[in-house]
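Here are my notes on the model you sent over, in numbered points. Have the structure open while you read.

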Amino acid sequence: MRAVRSAPFAVIECAGDLGDLEIDAWNGEAERIFGITADEAVGRRLTDTIVIGPDAEAFRRSLAQPGAPIRCAHTRKDGRAVVCEWRLAPVLDDGGAPIRLLCFGLDVTEQEKALERLRESDVILRAILDNVDTAVTRMDRDGFCTFHEGKNLKALGLTPGQFVGMNVFDEPPAPMDMEPMRRAVRGELVRTRVEAFGMAWETCIIPLRDARGEPDGAVSFTVDATEAKLREDELKSRLELIERQQQVIRDLSTPIIEVWDSVLTLPMVGVVDSKRAADVMDDLLAAIVDKQARFAILDLTGVELVDTKTASYLIELVRAIRLLGAEGVITGIRSNVAQTMVSLGLDLSGIATVGNLRAGLKLCMQRLAASAAAARATAPPGAASPGAPARGTASPGAAPPSATSPPRAPARGAPPRLPGGGSG
């Protein structure tokens, strides 16, 4: 007994009959495990010291079958629970009868707690694998599959454990993309989504690391993402529909109308913000180029409010129209809109502004007529304006002048012409 007094495990020597053992020796580790000193333990019955607690009866039964290890839960002197693994060795006399009993106990309380946590984790994992539509695969650091289970395996056409022993770096037995697995084993977090067997599958492959931070394989989770994909597609479709509806609303709120040859009108209604003003600029400039317009009328009669940035947009729009070779005309500016433009110090001196749409259209027609007259005035003699017969020629189908035709009446206010060409 002296040789094991400092042993890292409990050593208890008992004497007497197995049914009524008395403690004869009690080492230091036994003191630490049970909180009972040797002076307190020696001389007491074994059943009054360690053979108490939830597993007392199991320990008593093991006394009759020494040699086999047994784990028992005991109650310390302070009331705390402790778990020990025991090996019992009887000491026999010359005739082979037991006269003493040596009890060797190892404190496995922390191991038992760790095992209980593992058992709890296994219960949780099993509940997930059996009831949740998922498939779980574990690869070690060398790429070998060590775990492959889950409810989804059947839907994938696989059986539990089918991939165990396979290596992700080898050529797969069936057409499969193993690159995501390989990247995860190397230490990269990977997410993939594939469609197979008429369903959508989403896989998250999580790299694992050991205590030193080195790659230690990976775990992959595959879930059925079919419903999520359907909802995603439906949401995308709805968003596209909303976008188309918004585009229709924008087109209706800012219609571009060709009211006259080479004259476009953009009547605006409601509140004009920066987004709407930017859309107007894009649409109107494109229409001017497409229609080869000479004038663009911005009718603000129905505009109730503009912000400071929008007012600047409108001025920039007129300048952009000029760069395309056309002229912008602003009509129907309300008093509050005019105050906003003035407060910003915007220069409108070079921009044509009139009170209403009718006046704006009249202005454009006058300028178109003036431009046409100027073009005719600068044309060389004998040149015909487009669509008109040349000077001195008769229009096709017109009767030739007759000598008997009555003379043309003089213009109003002109002196009467006398015979012989004179005037009276």
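1. Gln292 is worth a look to begin with. Gln292 counts as exposed because its relative accessible area is 60%, and the cut-off for that label is over 50%. Gln292 sits in the loop between α7 and β13. Its phi is positive, about 55 degrees, even though Gln292 is not a glycine. Most residues other than glycine have a negative phi. Do keep in mind that this is a predicted model.

2. Ser262 also has a positive phi without being a glycine, in this case near 70 degrees. You'll find Ser262 in the loop between β11 and β12. Buried or partly exposed? Ser262 is partly exposed, with a relative accessible area of 23%.

3. Now for strand β11 (residues 257-260), which supplies three residues, the largest share, of a nonpolar surface patch. The patch is made up of Ile257, Val259, Trp260 and Met365, and together they have about 330 Å² of accessible area. Trp260 belongs to β11 and has a relative accessible area of 44%, so it counts as partly exposed.

4. Which residues touch the most other members of the largest nonpolar core? They are Met268, Leu284, Ile288, Leu298, Leu300, Leu317 and Ile321, out of 29 residues in that core. Two or more residues come from each of β12 (263-272), α7 (274-291), β13 (295-306), α8 (308-323) and α9 (335-343). In soluble globular proteins, nonpolar side chains tend to be buried together.

5. If you skip its neighbours within four places in sequence, Ile288 is in contact with Leu264, Ala293, Ala296, Ile321, Leu324 and Ala326. There is also a second, separate core of 24 residues, with Cys14, Trp26, Ile33 and Leu88 among them.

6. On to the hairpin. Strands β3 (residues 70-75) and β4 (residues 81-92) run antiparallel and are joined by six bridges. Thr75 is placed opposite Ala81 in β4. Five residues lie between the two strands, and Gly79 in the turn has a positive phi of about 95 degrees.

7. Finally, the overall numbers. The protein has ten helices and 15 strands, and 30% of its 424 residues count as buried. Its accessible surface is about 26100 Å², with 56% of that belonging to carbon and sulfur atoms. Among contacts with a separation of 6 or more, 48% are between residues 24 or more positions apart.

How values were computed:
Residues are numbered from 1 along each chain as its sequence is written. This is a predicted model: local features need pLDDT of at least 70, side-chain atom pairs count only at pLDDT 80 or more; totals for chains, interfaces and linings use all residues. Side-chain values use heavy atoms; hydrogens and water are left out. A nonpolar core is a set of buried Ala, Val, Leu, Ile, Met, Phe, Trp, Tyr and Cys residues joined through side-chain atoms within 4.5 Å. Buried means under 20% relative accessible area, exposed over 50%, partly exposed in between (1.4 Å probe, protein chains only). Helices (H or I, at least four residues) and strands (E, at least two) are DSSP runs, numbered from the N terminus. Contact means heavy atoms within 4.5 Å. Two strands pair if DSSP finds at least two bridges between them. Patches are made of residues with over 30% relative accessible area and no salt bridge: like charges are joined within 9 Å, nonpolar side chains (Val, Leu, Ile, Met, Phe, Trp, Tyr) within 5 Å. Accessible areas come from the Shrake-Rupley method with a 1.4 Å probe; for residues, only the protein chains shown count as cover. A salt bridge is a side-chain nitrogen of Lys or Arg within 4 Å of a carboxyl oxygen of Asp or Glu.
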